[in-house]
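I opened this notebook page to record, entry by entry, what I looked up in the structure.

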Amino acid sequence: MKSYQNTLSQPELCLIRQISALASAASSLDELLQAILDKVIVSVDANRGFVALVDFDRGELLIKCSAGEGWDAEKMHQRLQLHASEQKGITTFVAATGKPHCTGDVSKDPYYIKYFDDVASELAVPIVDAYGRTRGVINVESPKKNAFLEHHEALLLALANIASLGFSIDDHRSRERAFVEIGTELAASPDIPVLLSRVIRVAAEVLRFEDCSVFLLDKDRHTLVLEASSSPLKDEVGDASYRLGEGLTGWIAEHGQPIRTTDPRNDPRWRGLYREVPTDDMAAYLGVPIESRDGIIGVLRVLRRKTRFPWFQHSFTTEDESVLASIASQVGSMVQNLRLMDRVVGAERMAAWGEMSARSAHMMGNRIFAIKGDLNELDYQLLQPEDNREDYRGLVESVRGGVSRLEEMLQEFRDFVLATQLSLLEQDTNQMVKESVKEFFPKRSKVRLEAIYTTDLPKVQADSGKLKRCFAELIENAVSFQLDGGLLRVSTGLAAAKEAQELCGLSPKRKYIKIEFSDAGPGVPDDDKEKIFNPFFTSRAKGMGLGLSIVKGIIEAHRGRICEAGTLGMGARFIIFLPATGL
Amino acid sequence: MCRVLIVDDEESVRAAIERRLKRDGLNVHAAAGESDAIEKIMGAEKPYDVVMTDMVMENPDSGLNVLKAAMEADIFTEVIILTAYGNIANAVESMKRGAFDYVEKNIPGIDVYDLMSIKIAQAIERRQSSMITVRRIDQFARTHEEG
């Protein structure tokens, strides 16, 4: 850009300094642009002016700021298509070419189209950013012919430079906002799919990376699988994959280096396997590795499509690459954290298994010991001279009983194993609870039933058959402890913020569905509140029931928790928390 | 008659062992856990000749606590540790602390009751032998004091 400083007057230079100061002080880009416009109209003695901004997605100009006479709602909301050809408007011509344009008589100008009736002179200059892209146009008009001279153009160009600075500052601010937003959202993400969908959303909305995809390396670290996408590729999540080293994306994962190119097709690494955008439409490709402490775990990539306008530069800048790299590093550490959490949760489940197994082994060992005692005694009795048939029979009965109790323990252990093997599908909590109540609450009962179902609850990932058996167990227990009448209250709802954490030690970052079964029976003593969920706590003589330990096993296999929070003498209160999906 | 104390938190186990040992003509007492056992050991008029105790009851090493109490009451009481699952470390620890022996309840194919009976007989024999030695030392000391 040529320096026109020597043609400017003192007042004009003063104005430039004023606007410079405003550039960093202004709280928004709009404020700066409006200030520039208002002051410049006075300075060049124009009767009207406006600042139009480029909308890159649509390839249009929209009017951002206006000043002077004759504006109405319709004119302000006009959108101007970008064209470099004649008779499509001076403003659009300037935007398209990135060069200023000044005319002293619009009737003789080939590019002019009539907007207002009283225009004779028009001067428009482009606002061009550091990457050479036209971001907008400052336009002034006058009813006098030849109203604008060289120094007016110089002034406008100088102010356009400052406006360009304003755009840079605004870009930085929006990137900062994006990072803060990503940071907060990532920290609150309960699992990896939610995390990735949030990253994609922020990348698309705040950073305008619209065709964005995340690939993660699978367990053997040989294949990159598509885990999330905002592009047409999103239907292939879980399926689309690259081998390590295959294609541009595979290359990034293998070498741990980013790729930024405006001609992906002619890159020797290009495979064209999965294309968010048809190859011919692809204007630019940018991909960065996602790294964690364990090394490279995936690739984050964005694509841009070609626009209709050949003079339009829409490739990715170094700034874009460093922004994407920062996001990728945040994603990397969050994914690592979530995977560690998963292992911890997995370990806790294994611990529950270990506990169940240890108890089973202990109980069964004692039972076998007792049976062997009976056999030892029988052996001895059979050696005695007297015929002690009664004693023999007694011992055989005792052995039989022991074996039977042993089989019960085996059954409970097997139930635990089966219970924790789930087939998960998206289910509606209210439906499952209602069906359980309908099926297992006795038709004629002295116990009164109260049911409160909160509507519009989020769904849960659940094995419906197993959960319903859990509900059945709680319903039947409540009824069996209130044979002379009482109350069973069943309710569903969304758990309050810290409730799940306070009652059952669950993570406060997730949202949980809360299902409560409370009764007016004898209640559970404080000492027993945890013990009732231990295997073999009560005898399974009833035969039909699962036992609360199995119920607990099923709920925990669903990543939920169950606890008893009632008061002795006032009734039992079983509360189940299940993680809600999609939140 | 020799006095034996059986300690186990499982009722059927106590009953089965009691029945078997009574057959051998022993005077059998039973305790349902660590605290019950320690109470009985402290309150006994005559110390028990043998104490046979499970390892894991109220605590993972209840057996060792019973062993300690028994030896404090009478250093020559023989203690046999019973356990549901053999663990070399535990066994070594018990022996180091003075147990007579260590027996697993669930060894496949072994009649543990006959094994227990033999072990108790051995324990009683060792205790009697120790008592004889003590009396001889006593006698010797008195003889030389007088002299």
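The model is a predicted one, in which local features need pLDDT of at least 70 and side-chain atom pairs count only at pLDDT 80 or more, while totals for chains, interfaces and linings use all residues. Residues are numbered from 1 along each chain as its sequence is written, and chains are lettered from A and ligands numbered from 1 in the order in which they are written.

**Sheet.** I then looked up the pairing around that bridge: strand 11 (residues 282-292) and strand 12 (residues 295-305) of chain A pair in the antiparallel sense over ten bridges, where pairing requires that DSSP finds at least two bridges between two strands. Both strands belong to an open, antiparallel sheet of six strands in chain A, with the order 9-8-7-12-11-10. Its edges are strand 9 (241-243) and strand 10 (259-261) of chain A, each of which pairs on one side only. I noted an average twist of 20 degrees from one strand to the next. Helices and strands here are DSSP runs numbered from the N terminus (H or I, at least four residues, for helices; E, at least two, for strands).

**Helix on the sheet.** Helix 6 (residues 192-205) of chain A lies across strand 7 (211-217), strand 8 (223-229) and strand 12 of chain A, and runs at about 150 degrees to strand 7 of chain A. Such angles run from 0 to 180 degrees between N-to-C directions, with axes fitted to C-alpha atoms, for helices over the stretch in contact.

**Helix pair.** I next checked helix 1 (residues 10-25) and helix 2 (residues 29-44) of chain A, whose axes come within 10 Å and cross at roughly 170 degrees. Helix 1 of chain A is therefore roughly antiparallel to helix 2 of chain A, a term used for angles over 145 degrees. The residues that meet include Leu15(A) and Ile19(A) from helix 1 of chain A, and Leu32(A) and Ile36(A) from helix 2 of chain A.

**Chain B.** Helix 5 (residues 112-146) of chain B has 35 residues and reaches 51 Å from its first C-alpha to its last, close to the 51 Å expected at 1.5 Å a residue. Lastly, I looked up the interface, where eleven residues of chain A are in contact with 14 residues of chain B, contact meaning C-beta atoms, placed from the backbone, within 7 Å.

Notes:
Contact = placed C-beta atoms within 7 Å. Parallel < 35°, antiparallel > 145°, perpendicular 65-115°, else oblique. Expected span 1.5 Å × (residues − 1).
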